[in-house]
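User: I'm new to this one and would like a walk through it. Could you set out your terms as you go?

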Amino acid sequence: MHPNIIKIQDEIELLRQEIINHKVYSAISELADLQIFMEHHIFAVWDFMSLLKALQINLTCTTLPWFPVGDAVTRQLINEIVAGEESDVDADGNIKSHFELYLDAMDQCGADTKPINDFLNALKNGKSFNEAFDVANVPAAAKDFVNATFETINSGKPHLQASSFTFGREDLIPNMFFSMVNDLNSTQPDQVSIFKYYLERHIEVDGDHHSHLALAMTEKLCEKDEGFWAEAEKITKEALEKRIALWDAAYSEIVKNKTEAQLLNC
């Protein structure tokens, strides 16, 4: 493995551990808690796809007439990741993107999909991001998260986009979260089975094969440019810090909801 890849991994380890050990996971014990978590997380699932497509646009030819663009190995890497993320299968064998699979999981779980759907519809209808955020009443932390992602996208720098994608967008979900989801699924499979499948599929595809492809892509884009590697480290830390802030917001909302429910039951 490239020494600069190892250096970035070492430099971000504390942030990774902060995400892995985040208190939001232990706060999720009931279906209502999971719903709140998903209502925040869906915005990260969506802009993950936007970041991925930005890489495909910058690293391959997506216009007509077609011409070979960039390095053939890099083209192969990004196209394989896009195919897996944009055209995977659900538990019934239907072709779906991971974003659409997550929306299905939210619907089954009873989470509110109106904000993300209103947000996307506003963008489709020509609204600016700020207008769409307002129309959809998007949580502040999710808004900040999406804005930070699109700053990276709009930089037009593939090495920054690849670094954020590779190191900053890895969903570091601890075993306790899987255990909690399994427990909920054992008692409420009609509401949690799709989310359980999503997590399993995410680990199987994204956490293993795609992570190796993304590392190779990032190394290819940064290569021997130490300036690129320094920028890659900086953008990765910023992406992880935004993830922590998103988790903090979800945790606060979960705790608030639990407190209100306890007061109603008194």
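Analyst: Gladly, beginning with a term: helices (H or I, at least four residues) and strands (E, at least two) are DSSP runs, numbered from the N terminus. This is a predicted model, in which local features need pLDDT of at least 70 and side-chain atom pairs count only at pLDDT 80 or more, while totals for chains, interfaces and linings use all residues. Residues are numbered from 1 along each chain as its sequence is written, and side-chain values use heavy atoms, with hydrogens and water left out.

User: Where is the cis peptide bond?

Analyst: The cis bond joins L64 and P65, with omega at about -5 degrees, and P65 belongs to the loop between α4 (31-59) and α5 (72-86).

User: Stepping back, what is the chain made of overall?

Analyst: The secondary structure of the chain comes to 13 helices and 2 strands. The radius of gyration of the chain is 19 Å, close to the 18 Å that the globule rule gives for 266 residues, so the chain is as compact as a globular protein of that length; the radius is taken over C-alpha atoms, and the rule is 2.2 Å times the number of residues to the power 0.38. Buried residues make up 48% of the 266 residues.

User: How many aromatic pairs are there?

Analyst: The structure holds 18 aromatic pairs. Rings of Phe, Tyr and Trp (its six-membered ring) pair if their centres lie within 6.5 Å, and planes under 30 degrees apart count as stacked, over 60 as edge-to-face and the rest as tilted. One of the pairs is Y25 with W247, which is edge-to-face at 6.5 Å centre to centre, with 90 degrees between the planes. That pair links distant parts of the chain, with Y25 in helix α3 (residues 23-27) and W247 in helix α13 (residues 226-265), 222 residues apart.

User: What else is around W247?

Analyst: Contact means heavy atoms within 4.5 Å, and, leaving aside its neighbours within four places in sequence, W247 is in contact with I19, H22, V24, Y25, F37 and H41. W247 and H41 are 206 residues apart in sequence, yet 8.3 Å apart in space, C-alpha to C-alpha. W247 also belongs to one aromatic cluster with Y25, F37, Y102, F177, F195 and Y198, and at 2% relative accessibility W247 counts as buried.

User: And F129 and F133?

Analyst: F129 and F133 form an edge-to-face pair, 6.2 Å centre to centre with 65 degrees between the planes. Both lie in helix α8 (residues 129-136), 4 residues apart, about one turn of the helix. F129 has 26% relative accessibility, so it counts as partly exposed, while F133 is buried, with a relative accessible area of 2%.

Conventions: Buried < 20%, exposed > 50% of the residue type's maximum accessible area, 1.4 Å probe, protein only.
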